[in-house]
Amino acid sequence: MANTKDDEWLYTISAKRKLIDFNFKEIWRYRDLLFLFVKRDIVTLYKQTVLGPLWYLIQPLFTSVIFTLIFNNLGQIQTGTVPPFLFNLAGITAWNYFRDCLNNTSSTFTKNQNIFGKVYFPRVILPMSITISNLLKFGIQLLIFIGFFVYYSVIGFELSVNANIILFPVYVVIMALLGLGLGMIFSSLTTKYRDLSVLLTFAVQLLMYVSAVPYPMSEAKAKFPPIVAKLVEYNPLTQIMEGFRYMLLDTGEFNSARFLYTLFISLFIFLLGLIIFNRTEKSFIDTV
Amino acid sequence: MSEVILKVEHISKQYRLGLVGTGTLSHDLKRWFYSIQGKDDPFLKIGDTNDRSKAAESDYVWAIKDISFEVKRGEVLGIIGKNGAGKSTLLKILSRVTSPTTGQIKTKGRIASLLEVGTGFHPELTGKENIYLNGAILGMTKAEIKAKEQEIIEFSGCQRYIDTPVKRYSSGMRVRLAFAVAAFLEPDILVVDEVLAVGDSEFQKKAIGKMQDISKGEGRTVLFVSHNMAAVISLCTRAIVINNGEIIADMSANEAVELYLQTTSNTESEIIEKRKDRINNGNFIFTDLNILNTQRQKVSALLAGDSYFFQVFFKSKFELRNVKIRLQFLDSNGQMRFLCNNHFSNTEIFNLPQNAHGYIVCEIPKFPLPKGFYSIKLTCFSDNGLEDEIERALDFDVEGGDFYKSGKEQISKEGVLVNYKFKFDF
């Protein structure tokens, strides 16, 4: 028998798990798979539908119209100098990206148990690919927003982009991290307890209303009971929505402490999600 | 060559029986409570061995228990065992689909598995797109796949449909394409589970040929799980036999196959003498039936083309004249494939004295049935007419085998294999 030291082994499969056990080298080795998954998602999403990617446009537009009718016309929410429709469209565009990342990644384990049960690859590739392919939808919706931004400028509204626009990529990353992190936590827990997938759809809908999507933070401070106002204020998603509208529409306020707070929370949730996901991926196939 | 590339140390895997649901949360909480106290998992101490036919005594079962073995570089290791013996669980752990409950596996090479071909095919994507996706799932990089794309397409034989979505493929074409992708994988250790049982005969030949190339020509380390004993013997250098989750043998492929065929006995069958489901005149009675191999060992799974003895035990009270004993070999549809009768060869008819008991042996030098599940129907006639008849006196498996000594598994499962010769005249 050849005498081999432990460190000569390429890897070890064992029952013991470390708390933090990421193999970034391996994820890097599977980067081609990541891109192929992204490509698959994009190519196949609207196959055999008549309107195809037009669905990307219809959904945010109609939601914005409804929001404008209910919250601004009926509910008298003030959006300052910004037209309410554009205000809502900005919020919905950002919110949709976060929501899609969360919803789509939250079913990673249950939806892919067929593949996961047969072959090994770093499981985290799948939620990562979902987050990336959702960027396409986000990009298209952003184009509509830009279209309406130009339209409103032409018909006489005074609109301007804030210098914070350089933070745009950072905001996208924060949303992705938050959606991905929460999605990974949910996907791990739903392998055993399916109740959570029912809860999630419901919870995400409610979450939107405490994340300052259809109203500005200033209105929340003025009209909500103080406890609720605080809750909304410390919700990292509120800060993302406010920051997003601040840089695109120059409305609301920006506070760098709040920005760092949001960044920190998102990173924390992402890392937490990654840890839980990593622990689950090893044996979920037995409980799913 | 003699370097150990894979080392499996005391691997066990425990599964919970029944539904995952009720009680899961309470067990989880108990586990968690023990773990914060620094104690071992309380549920690891219990659990039955993995014997499907016995009723469970606890909620937990050990699918595999304390398995250890080593594989050297370039070795082709066969893993054989009955259905549910734990082979697939072992492969799942090896290919990291699930983690072991205890123990560890150390490897010096990358392990890739062909657990089931076609995993991750997306029906809306074209054949070519799926080659890339499937290859990447199995661990290839885009560049590697690109370099082999033409070979893969050629091997699959699906050139014409390569730009058509896979959902329009026939199931056979899907399997061909999937196997083609997998066959061009180049991992250090390849895990193969029963992929040879797919496709038409032409493709099977191609697949077995490719397997032989991989294991012999390219010197790859292969773990090969199969019920196809002929393939195990021809491909593997060594084999382990797993029974009820434990390794019962680790030896050369030939010996292991022989041992396996002996151990897969039909423990469930009743003693023939005690059976009531028979036509009997109260005089002559069949008491037992054994199948023996050339070493006179009892077997219950046969290889086509090998030599076997069918030993029929009987008892009779009165004197009988012109006893004729008939063994009918029936397939799983109840169709008779062939029969043996001492009446056909006149010299073997015999007379029995009073209170006789003994046996008659029927030798079949080249057992002629292809792979499948069969039973034997026993009948005895004398001058008094029908003495005893019993359906399904014994069930047995034929596990493939190489009747024509050609190195090929017989594809057809119909009919009977006979010896023949072709002559050519041009």
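**Burial, sheets and contacts in a predicted model**

Author: Buried residues make up 37% of the 288 residues in chain A. The model is predicted.

Reader: What makes residues in chain A count as buried?

Author: A count of neighbours. A residue is called buried if 20 or more other C-beta atoms lie within 10 Å of its own. In chain A, 37% of the residues pass that test. For chain B the share is 39% of 426 residues.

Reader: What secondary structure does chain A have, and what does chain B have?

Author: Chain A comes to 14 helices and one strand, and its C-alpha trace spans about 85 × 45 × 40 Å along the principal axes. Chain B has eight helices and 20 strands.

Reader: What makes β9(B) and β10(B) a hairpin, and which residue in the turn has a positive phi?

Author: The two strands, residues 238-243 and 246-252 of chain B, run antiparallel and are joined by six bridges. With at least two bridges required, they therefore count as paired. Two residues lie between them, and N244(B) in the turn has a positive phi of about 45°. N243(B) stands opposite E246(B).

Reader: How many residues of chain B are in contact with chain A, and which element gives the most?

Author: 38 residues of chain B are in contact with 31 residues of chain A. A contact here means C-beta atoms within 7 Å. β1 (4-16), β5 (102-107) and α3 (127-137) of chain B each supply at least two residues of that side, and β5(B) gives the most, with six. By class, the side has 14 nonpolar, 17 polar and seven charged residues.

Reader: How do you know that β1 of chain A and β5(B) pair across the two chains, and over how many bridges?

Author: Strand β1 (residues 11-14) of chain A pairs with β5(B) in the antiparallel sense over four bridges. At least two are needed, so this counts as a pair. S14(A) stands opposite Q104(B) there.

Reader: What makes the largest nonpolar core a core, and which residues have the most contacts inside it?

Author: Members must be buried, belong to a set of nonpolar residue types and be joined through C-beta atoms within 7 Å. The largest such core has 162 residues, and those with the most contacts inside it include I79(B), F224(B) and F286(B). It draws at least three residues from each of domain 1 (4-10 + 66-262) and domain 2 (272-398) of chain B. The C-alpha centres of these domains lie 41 Å apart.

Reader: Which residues is I79(B) in contact with, leaving aside its neighbours within four places in sequence?

Author: Among them are L90(B), F224(B), A239(B) and I242(B).

Terms used. Residues are numbered from 1 along each chain as its sequence is written. Chains are lettered from A and ligands numbered from 1 in the order in which they are written. This is a predicted model: local features need pLDDT of at least 70, side-chain atom pairs count only at pLDDT 80 or more; totals for chains, interfaces and linings use all residues. Domain bounds come from an automatic or database domain assignment. Two residues are in contact if their C-beta atoms, placed from the backbone, lie within 7 Å. Ala, Val, Leu, Ile, Met, Phe, Trp, Tyr, Cys and Pro count as nonpolar, Asp, Glu, Lys and Arg as charged, and the others, Gly among them, as polar. A residue is buried if 20 or more other C-beta atoms lie within 10 Å of its own, exposed if 12 or fewer, and partly exposed in between; C-beta atoms are placed from the backbone.
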